[in-house]
Amino acid sequence: MAALTLSDNEYIEGLRLSDNAVIRSVYKKFYPAIMRMVLNNNGTEQEAKDVFQESILVLYHHVQKQNFILSCALQTYLYSVAKRLWLKQLSKKSGTLKLDERFYEGDDFAEAENETAVYEEREQNLDKMHESINQLGEPCKTLLTDFYIARMGMDELAEKFGYTNADNAKNQKYKCLQRLKKIFFLDKEGKTL
Amino acid sequence: MRNIDLFDDYLHQRLNADDRKLFEERLLTDADFKTQFEEQKAFVNLLQEFGKQEALKSKLDTIYTEEFGVPNVHQLNPKNNFYNKYGRMMGVAASVAVIAVIATITLLSSGGYLIKQHDASITNLSKEITHMKSVQEGIIDGIKTISQKRNLEAANVEGTGFALNSNGYFLTSLHMVSKADSVFVMDEEKNSYHATVVLSDVRLDIAILKIEKDSAAKFSAVPYVFKNASADMGEKVFTLGFPAEDIVYGEGTIASLKGSADTAMYQISVPINPGNSGGPLFDEQGNVIGLIKSKNSNAEGTGFAVKSNYIMQLLSSIENDTLKAELQSNNRKNLLKGLGRSQQLKRIEPCVYNIKVFKGN
């Protein structure tokens with residue numbers, strides 16, 4: 001597929017809508033520099049991939065807000081955020097590391113630190129949600145995601161999950177949500193496990 | 001109607017205009033109701049954000065895989081992945097010159113303790129075969145610079161490994177895979193699978209590799225069992241390994257129950273060569289009794305193998321229960337007993353792998 005040439009705003013709009021073609025061209029356009037940065041600084045492809053994806057998620061998190069304004073070039077934004085994320089990871093790794101000298105050269109986008117921090121705080125909650133949902137088990141997990149995320153109607157859910165009617169499905173959903181909340185909030189306060 | 005259901009209906013815009021109006025009025029007047037609503041809204045928002053993020057992640061993964069394939073979990077090595085993955089992006093053929101090179105010297109230094117213990121007369125049996133030099137002209141920006149900035153020369157070490165069980169776990173020598181950028185396990189049909197080191201023991205010089213389950217690899221049932229006791233001096237033994245491109249059989253006897261004064265090793269008189277490192281050592285019945293480790297290069301026909309009972313002991317001392325269970329052999333009966341040698345070899349061969357290791361500088 002031919003690479004799209006898009007403006008930064010078009011990238012952001014496409015990302016907001018999580019458009020496949022746009023995401024593909026985001027990879028083509030912005031991934032190489034970030035991959036190189038990670039690979040040249042003690043990283044693996046897997047790590048480059050993860051760092052890039054997380055940078056996209058940081059951006060995604062921010063573009064969901066209606067008042068999001070990109071205050072630098074998208075390339076700079078993603079690169080700076082990725083660099084922050086990778087530095088953070090490197091500092092967690094033990095042992096001496098030989099970093100590419102260019103790594104320390106001035107960037108970049110001054111807001112990157114803040115952008116990442118805001119995201120990371122949210123990310124903790126999202127991780128918690130992830131764990132809680134996984135602990136929840138089936139059919140609750142699918143029932144809740146179908147209802148709250150896919151926004152399926154009660155009739156549809158009743159049919160899919162084999163409940164006798166919509167009210168029954170609604171009751172199940174209610175129970176599942178209560179359980180999810182219990183896991184989520186208990187876990188959050190560290191009382192379970 | 002429960003408040004939560006009402007909240008959900010409101011948030012999903014499933015209330016009719018009148019109910020909606022009533023709902024909004026109540027929000028203004030009933031503080032408790034409002035608090036409950038805000039809580040539910042925040043929770044549902046988080047749930048929805050989680051859903052969106054998961055969807056985006058899986059989309060990112062899918063597109064990554066379509067564009068680049070499976071990422072290397074070790075530091076990039078040029079031979080196996082680089083060109084395959086980025087070739088398409090570069091849009092040009094990269095020219096690769098492979099220069100064959102020699103020597104086990106780097107290996108000895110990475111094996112480390114071996115040199116200290118026995119001086120350089122004992123050679124670890126992996127073979128370092130190639131240095132790769134890549135010369136390439138990239139066109140598309142961004143990619144081009146990778147090859148220029150990164151030193152693509154990688155030492156290339158080969159040896160042998162064998163299946164511990166059919167869960168995707170393999171035994172090999174640690175000196176082969178230590179400090180590796182990436183490790184590949186190559187089966188009979190020359191399919192290579194990326195492997196990670198899940199466990200290693202410096203004292204015994206063994207490493208356990210794992211191929212991820214979701215890879216396309218199919219693991220044969222393992223016909224042999226691991227002997228949990230010491231073999232006897234004078235017992236006839238044999239091995240299969242990769243001192244060459246193709247698998248090679250070798251036989252001999254247990255020459256001593258101590259290898260180089262180490263009770264964890266046998267000294268064996270089996271013709272072994274670089275590339276045999278990490279291979280299995282069998283007794284006549286086809287029980288695994290050891291793992292080929294090294295040889296004394298000053299005395300022909302003097303090899304060393306780590307005893308299987310020491311390996312078993314190590315495996316049973318693992319504290320991670322999940323891993324411990326995964327590493328259990330799923331074969332309790334030696335299916336090779338009573339078979340002629342050539343029949344035994346036919347059954348064993350699919351479980352012996354050529355291990356290819358890429359090391360950076």
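B:E38 and B:K34 sit four residues apart in helix 3 (residues 31-68) of chain B, about one turn of the helix. Their side chains form a salt bridge, with the closest N and O atoms 3.8 Å apart. Please keep in mind as you look around that this is a predicted model. From this pair, the tour below moves on to other salt bridges, then to the contact between the chains, and ends with the nonpolar cores.

- B:E38 is partly exposed, at a relative accessible area of 37%.
- B:E54 and B:K57 are separated by about one helical turn, because they are three residues apart in helix 3 of chain B.
- B:E54 has a relative accessible area of 25%, so this residue is partly exposed.
- B:K57, at 23% relative accessibility, is likewise counted as partly exposed.

- B:D5 and B:R2 are joined by a salt bridge between their side chains, at 3.1 Å from N to O.
- B:D5 has 3% relative accessibility and therefore counts as buried, the cut-off for that word being under 20%.
- B:R2, on the other hand, is partly exposed, with a relative accessible area of 28%.
- Both residues belong to a network of salt bridges that links A:K173, B:R2, B:D5 and B:D8.
- For the overall tally, a search of the whole structure turns up 16 salt bridges over all chains.

**Where chain A meets chain B**

- Chain A gives 49 residues to the contact, and chain B gives 49 residues.
- Together the two chains bury about 4900 Å², with 62% of this area on carbon and sulfur atoms.
- Four salt bridges are counted between chain A and chain B.
- A salt bridge joins A:K170 to B:D9, where the closest N and O atoms are 3.9 Å apart.
- There are also 14 residue pairs in polar contact between chain A and chain B, counting pairs with both residues at pLDDT 80 or more.
- On the side of chain A that touches chain B, the elements giving two or more residues are helix 2 (20-39), helix 3 (45-63), helix 5 (112-136), helix 6 (140-149) and helix 8 (166-188) of chain A.
- By residue class, that side of chain A divides into 22 nonpolar, 15 polar and 12 charged residues.

**The nonpolar cores**

- The largest nonpolar core holds 49 residues, and those with the most contacts inside it are B:L171, B:Y224, B:L315 and B:L327.
- Strand 8 (residues 206-211) of chain B supplies five residues, the largest share of this core.
- To explore the surroundings of B:Y224, look for the residues it touches, among them B:F162, B:A163, B:F282, B:V288, B:L336, B:I348 and B:C351, leaving aside residues up to four places away in sequence.
- The neighbours of B:Y224 also include B:G286, B:N331 and B:N334.
- A second, separate core has 39 residues, including A:Y11, A:F30, A:M35 and A:Y119.

Notes. Residues are numbered from 1 along each chain as its sequence is written. Chains are lettered from A and ligands numbered from 1 in the order in which they are written. This is a predicted model: local features need pLDDT of at least 70, side-chain atom pairs count only at pLDDT 80 or more; totals for chains, interfaces and linings use all residues. Side-chain values use heavy atoms; hydrogens and water are left out. A nonpolar core is a set of buried Ala, Val, Leu, Ile, Met, Phe, Trp, Tyr and Cys residues joined through side-chain atoms within 4.5 Å. Buried means under 20% relative accessible area, exposed over 50%, partly exposed in between (1.4 Å probe, protein chains only). Contact means heavy atoms within 4.5 Å. Buried area is the accessible area (1.4 Å probe) that two parts lose on being put together, summed over both. A polar contact is a pair of N or O atoms within 3.5 Å; within protein, one must be able to donate a hydrogen and the other to accept it, and residues adjacent in sequence count only if both atoms are side-chain atoms. Ala, Val, Leu, Ile, Met, Phe, Trp, Tyr, Cys and Pro count as nonpolar, Asp, Glu, Lys and Arg as charged, and the others, Gly among them, as polar.
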